[in-house]
Amino acid sequence: MTDIDCYHEQLQRDAQFLCSDPRMDTELVDRLVLQLNRIYPQILIDKEAHKFRNLSIPTKVRLAELLKHLHWKGEEACHEFYRGLHIHAEDVYSSLPTRVRQRGPVFFLSCFSFVVGIAMLYYCGEGETLRCTGPFLHCSAARLSKGAKDVFITCAEVGKENK
């Protein structure tokens with residue numbers, strides 16, 4: 001989260017994802033409502049909690065109304081919702097669009113740096129110790145897609161032939 005972002009704004013950006021995610025089922029929504037009601041009654045009073053736990057209303061509708069309500073309540077309410085989501089459904093929490101975007105560039109740069117380092121070691125290295133990176137490159141291709149794996153292994157083989 002950057003200094004400019006706040007939970008209030010994050011909830012606004014994540015709301016559509018949360019309402020469409022099948023992992024946000026009745027049980028999870030009920031747990032979140034109960035946590036907000038019991039631990040933070042200033043955020044969700046009993047009457048509001050009862051409304052958001054009404055099983056005659058579809059879960060997606062109740063969730064959308066809950067998110068609107070929390071957005072209206074302000075920063076602290078949104079923060080506590082995220083805290084509850086992190087506690088009760090870490091997989092959903094970590095896949096939120098605002099969380100993935102924060103993680104994305106760092107992950108890409110670390111992977112890219114690793115590949116560049118291996119390539120430099122493989123192509124620029126001198127001596128037998130550095131030339132024996134071929135098997136390591138083949139193992140590195142294991143988690144790539146079929147097309148990317150073929151290109152990666154072909155490059156490794158061509159580099160081996162050139163030496």
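Predicted model: local features only at pLDDT ≥ 70, side-chain atom pairs only at ≥ 80, totals over all residues.

Student: How many helices and strands does the chain have?

Tutor: There are 10 helices and zero strands. Both are DSSP runs numbered from the N terminus, with helices being H or I of at least four residues and strands being E of at least two.

Student: What share of the residues is buried?

Tutor: Of the 163 residues in the chain, 33% are buried. Buried means under 20% relative accessible area, exposed means over 50%, and partly exposed lies in between (1.4 Å probe, protein chains only).

Student: Turning to packing, at what angle do α2 and α5 cross?

Tutor: The axes of α2 (residues 26–39) and α5 (residues 75–88) cross at roughly 130° and come within 10 Å. Axes are lines fitted to C-alpha atoms, for helices over the stretch in contact, and angles run from 0 to 180 degrees between N-to-C directions. The two helices are therefore oblique to each other, since angles under 35 degrees count as roughly parallel, over 145 as roughly antiparallel, 65 to 115 as roughly perpendicular and the rest as oblique.

Student: Which residues of α2 and α5 meet?

Tutor: Leu28, Arg31, Leu32, Gln35 and Leu36 of α2 meet Glu80, Phe81, Gly84, Leu85, Ile87 and His88 of α5.

Student: How does α1 cross α5?

Tutor: The axes of α1 (residues 7–20) and α5 come within 9 Å and cross at roughly 50°. On the α1 side the contact is made by Tyr7, His8, Gln10, Leu11, Asp14 and Leu18, and on the α5 side by Glu75, Cys78, His79, Phe81, Tyr82 and Leu85.

Student: Now to single residues. Is Thr98 buried or exposed?

Tutor: Thr98, which is in helix α7, is buried, because its relative accessible area is 2%. Its side chain makes a polar contact with the side chain of Asp14 at 2.7 Å. A polar contact is a pair of N or O atoms within 3.5 Å; within protein, one must be able to donate a hydrogen and the other to accept it, and residues adjacent in sequence count only if both atoms are side-chain atoms.

Student: What does Thr98 touch?

Tutor: Leaving aside residues up to four places away in sequence, Thr98 touches Gln10, Arg13 and Asp14.

Student: Where is Ser95?

Tutor: Ser95 sits in the loop between α6 (90–94) and α7 (97–124). Ser95 counts as partly exposed because its relative accessibility is 24%. A polar atom of the Ser95 side chain lies 3.1 Å from the backbone oxygen of Val92.

Student: Lastly, which side chain does His69 contact?

Tutor: His69, found in helix α4 (residues 59–73), has a side chain in polar contact with that of Glu48 (3.4 Å). His69 is buried because its relative accessible area is 13%.

Methods
Residues numbered from 1 in each chain as written. Heavy atoms only, no water. Contact = heavy atoms within 4.5 Å.
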